[in-house]
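Subject: Structure handover

Hello,

I am passing this structure on to you. Please have it open while you read the notes under it.

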Amino acid sequence: LKEVVDKYSLDNNYIKEYEKRRATIKGAAFPSDVVLRDTTGKVVDFSEFKGKYVYIDMWASWCVPCIKEIPHLQQLEKEIKNPNVVFVSISIDKKEGDWIKKMQELGLHGYQLLDKENALYQALNPKGVPFFVIYDKEGRLFMHDAPRPSMGAGVKILLEGLE
């Protein structure tokens, strides 16, 4: 891209925009500058999920559509029998207390992580939350803007078929 920008004297903003969005390209590695913390404050390294497909739900405690999606997500988690798939919910809340309180209210379980700096959210450049994404067994982007759990049988078929 740099060569093309230089060759044709294009605006350097093309390079800046590419840099901002390269994490959205299929096969892109999980962004290295993302710091995820669990409910105890411990940093969770995304490489811990290596060997599994990771279905990520990005959400926030203040997001009504996110809250409406949670029952569908919980049902999907119960129905999926594929041992190659792990579910991870990542909140973009700025205030840890709001995140913890909402998780307790909703009885959330499993991998609940916080992206307090919104580094993953910014890298993936979604239009909003809830936002779903799938990473492959090597920690590379498999599907940007993956189907929501509420979309029906299609997402279940997709996740069950991952080997």
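The notes below start with how the model was treated and then go through what was found.

This is a predicted model, in which local features need pLDDT of at least 70 and side-chain atom pairs count only at pLDDT 80 or more, while totals for chains, interfaces and linings use all residues. Residues are numbered from 1 along each chain as its sequence is written, and side-chain values use heavy atoms, with hydrogens and water left out.

Aromatic pairs

Searching the whole structure gives eight aromatic pairs. Rings of Phe, Tyr and Trp (for Trp, its six-membered ring) pair if their centres lie within 6.5 Å; planes under 30 degrees apart count as stacked, over 60 as edge-to-face and the rest as tilted.

One of the pairs is Phe-49 with Tyr-111: the ring centres are 4.9 Å apart and the planes stand at 90°, so this pair is edge-to-face. Phe-49 is in the loop between strand E2 (43-44) and strand E3 (53-59), and Tyr-111 is in strand E5 (residues 111-114), so the pair ties together parts that are 62 residues apart in sequence. Helices (H or I, at least four residues) and strands (E, at least two) are DSSP runs, numbered from the N terminus. Phe-49 counts as buried, at 5% relative accessibility, whereas Tyr-111, at 42%, counts as partly exposed. Here buried means under 20% relative accessible area, exposed over 50%, and partly exposed in between (1.4 Å probe, protein chains only).

Tyr-55 and Phe-87 also pair edge-to-face, because their ring centres are 5.6 Å apart and their planes are at 80°. With Tyr-55 in strand E3 and Phe-87 in strand E4 (residues 85-91), this pair ties together parts that are 32 residues apart in sequence. Both Tyr-55 and Phe-87 are buried.

Phe-49 and Tyr-111 belong to one aromatic cluster with Phe-30, Phe-46 and Tyr-135.

A charge over a ring

The charged end of Lys-26 sits over the ring of Phe-142, 5.0 Å from the ring centre. The cut-offs are NZ of Lys or CZ of Arg within 6 Å of the ring centre and within 35 degrees of the ring normal.

Two helix residues

Glu-69 is part of helix H3 (residues 64-79) and counts as buried, at 5% relative accessibility. Not counting residues up to four places away in sequence, Glu-69 touches Phe-132, Arg-148, Pro-149 and Ser-150; contact means heavy atoms within 4.5 Å.

Ile-15 is part of helix H2 (residues 13-21). Leaving aside neighbours within four places in sequence, Ile-15 is in contact with Leu-1, Lys-2 and Val-5.

Regards
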